[in-house]
Amino acid sequence: MKNKYLVIPIATAFFLASCAKHKIQEVPETQVAGNEYTHASDRAPTSSIDKENLEFMVQKLLDSNKPEEEFLKFLDDRKDIYLRAWSYVSLFDKEVLEAAEKNQEHNLNDSVPYKKLLALWNIAQRTEEKLTYFYVRLVQISYDKSEAKEKRDRAKKVRLSFKRALDSKNPVLQLAFQELRDHIAEELRELRGLSKTDGVVPTSIDVVATIRANRAKMIKDGFKGIDRVDEINNKVEAEAEKIQLENESGRVPNALTFEPGIGPTGNIMGKIFPKNVWALTYDDGPSPVTTPIILKNLETLGHKATFFWLAQHVLKNQTIVDDAKAKGMALANHSWSHAQLTKLDDAGLNKEILQSSDAEEKAYGHPIRFFRCPYGAGNSVSKIRGIIAKKNMIHAFWNVDTLDWQDKDPDSIVRRAQAQMKANGRGVVLFHDIHQQSVIASKKLLEWSNTFKGTPEEIRWVTLPEIVDEMNAGK
Ligand SMILES: [Zn+2]
């Protein structure tokens, strides 16, 4: 443990230096000539939202009487979702701490705030996809010489007010828009033929300090400061009601075989793992910015994890795939584009579950044994589970959620994970290898777990294939 106190400041320095937010760089007018930008419809679909509908919305909003107001309303939605989620995070944390204090299992399927968080997460991601598309199209239209001058001017005006709102000095808004700004910046860099990490300019915001200073206000605002509170509550209620998480507790205690199938044996949550055995899992990558650091941290600390990646990112990051494999990590599938599977037709399910697996099998160089539904949505739907099972994959859920997609404070993410680990005693921990806070938090959690070495509470980290093979062999 000699480096225990050394690594934290380095990690923090990394976090502050790179957290970074990629300032959105406007394209100088002189660089843009003619058709330098690829038209949106020529680009490969990267989202679960129908691009045709989005394009229709852009044109309709631009033609409206007050286009600036119309576009900014969507940005306001993003802020409302962020604030609303904080109120459920605080309820969830309370629940988790109580369970840990009483040494009682914390069951995600019984948690109302958790289901609302899953719903909000889904809504947040779709709103971000929509806003990113809007912004990129406004840039394209304002530089597109084939568009009427009046329309280009209108698009430019809307884009500039959009940008002003995104660059707000209000710390709560900075936090709410942090990842949206990154996504837009990444898309614009890609549009200009640059790599996603080219010219990343750190912003001055100290995220951790800002969260600590604003947390109480954010939670209060989560209830009060939302402009269209009923609208968002209704949306969340409707989404949350549909969420049904598979429950392993109905399994016969000694029937330990995990195998592909639509019943409980085809779904892993970790609840029947041996005591103090934990699988660390990361979703949504690989990211060229954060995944390589996570891999290095895992190697340094001597642990292995399971990565549930998106085919759309895997295809662009073969070097990271090869590095993860060389370091002994387990690689699994998390769909093509993070679509909500419960909303897709047969063609959509085919692409998100089967084609993504085929593409990843080529990149990974081996068959894929585990699949995780985006947002966990679909894990109790027989049709979806049937397709996963037919492809010979086991579905993988989790019983510890770090909420690292909403919470940007690594220490609070670690505390949330520790409380759930204490309450549950074994299981599967969910992180995302695309967020900077997750890099720091997962490293701190592993360092903390290493302090139990040689004690009766020693924590053993495993990959999913490792533990499944062990349990199936009856070890
Ligand atoms: Zn995901």
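Okay, let's start with T127: it's partly exposed, with 19 other C-beta atoms within 10 Å. The cut-off for buried is 20 or more, so with 19, T127 lands in the partly exposed class. Keep in mind that this is a predicted model.

Where does T127 sit? It's in helix α4, residues 112-143. Leaving aside residues up to four places away in sequence, T127 touches F74, D77, R78 and I81. There's also L180, 53 residues away along the chain, and its C-alpha is separated from that of T127 by 9.4 Å.

Now the helix pair. The axes of α3, which is residues 67-101, and α4 come within 9 Å and cross at roughly 155°. Anything over 145 counts as roughly antiparallel, and α3 and α4 are therefore roughly antiparallel to each other. As for handedness, α3 passes α4 in a left-handed crossing.

Let me move on to α12, residues 346-364. This helix has 19 residues and reaches 26 Å from first C-alpha to last, close to the 27 Å you'd expect at 1.5 Å a residue. There is a bend, though, of about 30° at Q355.

Which residues of α12 are buried? That's L349, E352, I353, S356, S357, E360 and Y364. Remember that an α-helix has 3.6 residues a turn, so residues three or four places apart point the same way. And what do the buried ones pack against? Quite a list: strands β3 (306-309), β4 (330-333) and β5 (370-371), plus helices α10 (311-314), α11 (318-326) and α13 (382-390).

How values were computed
Residues are numbered from 1 along each chain as its sequence is written. This is a predicted model: local features need pLDDT of at least 70, side-chain atom pairs count only at pLDDT 80 or more; totals for chains, interfaces and linings use all residues. Helices (H or I, at least four residues) and strands (E, at least two) are DSSP runs, numbered from the N terminus. The expected span of a helix is 1.5 Å times one less than its number of residues. The bend at a residue is the angle between axes fitted to the seven residues ending there and the seven starting there. A residue is buried if 20 or more other C-beta atoms lie within 10 Å of its own, exposed if 12 or fewer, and partly exposed in between; C-beta atoms are placed from the backbone. Two residues are in contact if their C-beta atoms, placed from the backbone, lie within 7 Å. Axes are lines fitted to C-alpha atoms, for helices over the stretch in contact, and angles run from 0 to 180 degrees between N-to-C directions. Angles under 35 degrees count as roughly parallel, over 145 as roughly antiparallel, 65 to 115 as roughly perpendicular and the rest as oblique. A crossing is left-handed if the near helix is turned anticlockwise from the far one by less than a right angle, and right-handed if clockwise.
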